[in-house]
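Please examine the sequence and model shown here. The report below takes up a helix, a sheet and the nonpolar cores.

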Amino acid sequence: MTKNTLLYTTLIGAALIMTACHKKAEQADTDTYATDSMSTQIYVDAMPLKRQTFHQQLICNGKLQAMEKCELSFDNAYRISRVLVQNGSRVARGQVIATSDAADARLDIERAQKELEKARIDLADRLIGLGYDGISSDVPADVMHRAKVASGFYTAAYQLQAARNAMRKCSLTAPFAGRIADLDNRRGQTVDKLCTIINDSQLNVVFLVLEAEIKNIHRGQRVIVCPFVDEGAQYTGHIVNINPAVDNKGLIKVTARIDNRSGKLMDGMNVKVIAENDIPQALVVPKDAVVERDGYHVVFVYKDGVAVWTYVDIAYSNSSSYAITGSKSKGTTISQGDMVITSGNLNLADGTKVNVKK
């Protein structure tokens with residue numbers, strides 16, 4: 001092969017390689033353009049506005065209090081002999097919780113009984129001395145009264161009743177049905193306080209409300225109570241009392257009541273209280289549908305394939321939603337049936353082309 005032929009062949013091969021590379025580059029540019037075109041399409045979620053009841057919520061911190069709570073102790077100075085319960089025990093009204101040493105109380109009863117017997121004998125003697133046949137039914141009432149006073153009959157009867165009362169006090173009983181707490185089991189000792197009994201079948205929830213918010217609170221209003229130890233648990237109740245006084249911090253004490261038949265809640269627990277107030281015929285959107293732009297609240301309304309920037313005012317708020325109206329300051333309106341974009345709206349601008357997900 002001559003030098004000219006070799007040179008000619010080399011040039012043709014180079015030209016073919018350059019042509020192939022150019023076609024690949026053109027194909028790559030075409031693919032990139034197609035990919036970029038697809039990536040510029042924005043997909044969003046949207047929902048039609050409709051009027052519905054909005055659950056306005058006022059969220060506060062509160063504390064649980066038992067409806068009935070009483071410290072129990074013996075009224076005598078006798079030593080504790082038996083304790084029949086333990087912390088957490090549930091007791092019925094009148095159930096014996098503990099007993100104290102009753103030996104001295106029994107002696108007092110026997111002594112009082114003997115004194116009463118002696119008084120009866122003295123009474124009979126006095127009546128016989130007055131001409132009556134002992135203690136009989138035909139003795140006039142005024143004569144019988146004076147004879148009982150003079151013989152010491154009344155005093156002896158009172159002493160026996162007092163001894164029997166003291167005997168009953170050797171048994172400590174529950175004044176109401178409830179649960180035992182703060183038990184100090186000191187058998188063989190004298191104590192000022194043995195335990196506390198708590199009626200926690202229902203619990204009061206005490207929380208404080210700002211005086212500016214009291215207009216949204218009323219008796220009978222529904223509340224949701226969530227203990228901080230388990231915020232997934234919810235208990236419903238109703239407001240039963242509003243204290244008609246404002247403290248020096250501008251707060252008003254409100255009391256609600258909830259059921260505790262499960263027994264999971266305890267006196268003194270810290271809880272979150274959500275007071276709900278129903279607002280009818282409100283336009284409700286999820287909180288994610290509202291964004292803040294230039295210090296104003298904005299929603300994007302889907303119209304003819306584009307997102308339309310619309311100023312709104314937030315009338316009411318709860319933990320997940322807003323009740324919205326048109327903006328008074330901007331003169332905008334929003335109506336039932338408008339398609340409000342609820343996702344993918346953080347980077348939208350007025351007039352952005354969007355596609356609604358099916």
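The sections that follow cover the basis of the model and then its parts.

## Basis

This is a predicted model, in which local features need pLDDT of at least 70 and side-chain atom pairs count only at pLDDT 80 or more, while totals for chains, interfaces and linings use all residues. Residues are numbered from 1 along each chain as its sequence is written, and side-chain values use heavy atoms, with hydrogens and water left out.

Helices (H or I, at least four residues) and strands (E, at least two) are DSSP runs numbered from the N terminus.

## Helix 4

Helix 4 covers residues 153-168, which is 16 residues. At 1.5 Å a residue it should span 22 Å, and the 23 Å between its end C-alpha atoms agrees with this. The expected span is 1.5 Å times one less than the number of residues.

Phe153, Ala156, Leu160 and Ala163 are the buried residues of helix 4. They lie on the same side of helix 4 because they cover an arc of only 90 degrees around the axis, taken from the directions from the helix axis to the C-beta atoms. Buried means under 20% relative accessible area, exposed over 50%, and partly exposed in between (1.4 Å probe, protein chains only). An α-helix has 3.6 residues a turn, so residues three or four places apart point the same way. Tyr158 and Arg168, on the other side of helix 4, are exposed. The cover over the buried residues includes helix 2 (103-129) and helix 3 (141-151).

## The 3-5-6 sheet

An open sheet is formed by 3 strands in the order 3-5-6, with antiparallel pairing; two strands pair if DSSP finds at least two bridges between them. Strand 3 (80-83) and strand 6 (171-173) are the edge strands, each pairing on one side only. Strand 3 pairs with strand 5 (residues 96-100) over 3 bridges, and Ile80 has Ser100 in strand 5 as its bridge partner.

## Nonpolar cores

A nonpolar core is a set of buried Ala, Val, Leu, Ile, Met, Phe, Trp, Tyr and Cys residues joined through side-chain atoms within 4.5 Å. The largest has 24 residues, of which Leu64, Val205, Phe207 and Ile258 touch the most other members. Strand 8 (195-210) is among the strands that each supply at least two residues; strand 8 gives the most, with 5 residues. Another core, of 16 residues, lies apart from it and includes Phe74, Val91, Ala174 and Ile197.

Thr255 lies in strand 11 (residues 251-259) and is buried, with a relative accessible area of 11%.

Definitions and conventions: Contact means heavy atoms within 4.5 Å.
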